[in-house]
Amino acid sequence: MCPYASNVSSNLQAHEQVHSPDRPYKYIICKTCGKWFTSKPTLLKHRMWHHKSEFPPFRHNCNRCPYSSNVKTSLVNHEVVHFEDRPFKCKFCGCGFKALNSLNHHVIIHTGEKILYRQ
């Protein structure tokens, strides 16, 4: 139905829900480039990364990537993605992550459901 592809069957199964007529969400389309998204936060993240010039200037800007925020703590929380250390390890495959929320999101590919690890 679309060009989406994945080597992980659970990712493909999750994606196929996008094409289901009884899906619980509607598509949201980026007005600049026409890409579609399933949530407003995902669209906003896309726009901030790829269409940053459309936004007013932010007060706090990452000096390593295009990330910006008007909330200082958001920038501080973001900066961990640039650390070399990856202390949060997946118990299924051993992959390391810099942030706990990234590990929690990753685990879905193994379990098919969200399992929250806590610090």
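Helices (H or I, at least four residues) and strands (E, at least two) are DSSP runs, numbered from the N terminus. The model is predicted, with local features requiring pLDDT of at least 70 and side-chain atom pairs counted only at pLDDT 80 or more, while totals for chains, interfaces and linings use all residues. Residues are numbered from 1 along each chain as its sequence is written, and side-chain values use heavy atoms, with hydrogens and water left out.

Strand β2 contains W36. This residue is partly exposed, at 37% relative accessibility. Buried denotes under 20% relative accessible area, exposed over 50%, and partly exposed the range in between (1.4 Å probe, protein chains only).

Helix α2 spans residues 40-50. Its buried residues are L43, H46 and M48. Their cover includes β1 (28-29), β2 (36-37) and β4 (68-69).

The largest nonpolar core has six residues: F88, C90, F97, L100, L103 and V107. Such a core is a set of buried Ala, Val, Leu, Ile, Met, Phe, Trp, Tyr and Cys residues joined through side-chain atoms within 4.5 Å. Beyond its neighbours within four places in sequence, F97 contacts (heavy atoms within 4.5 Å) R86, P87, F88, S102, L103 and H106.

Zero disulfides are present (pairs of cysteine sulfur atoms within 2.5 Å). C33 is in no disulfide, and its nearest cysteine sulfur, that of C30, is 3.7 Å away. C33 is partly exposed, with a relative accessible area of 39%. C93 lies in the loop between β5 (88-89) and β6 (96-97). Its sulfur is 3.5 Å from the closest cysteine sulfur, in C95, which is too far for a bond. C93 is also partly exposed, at 38% relative accessible area. Residues up to four places away in sequence aside, C93 touches H106 and H110. The C-alpha atoms of C93 and V107 are 9.4 Å apart, with the two residues separated by 14 residues along the chain.
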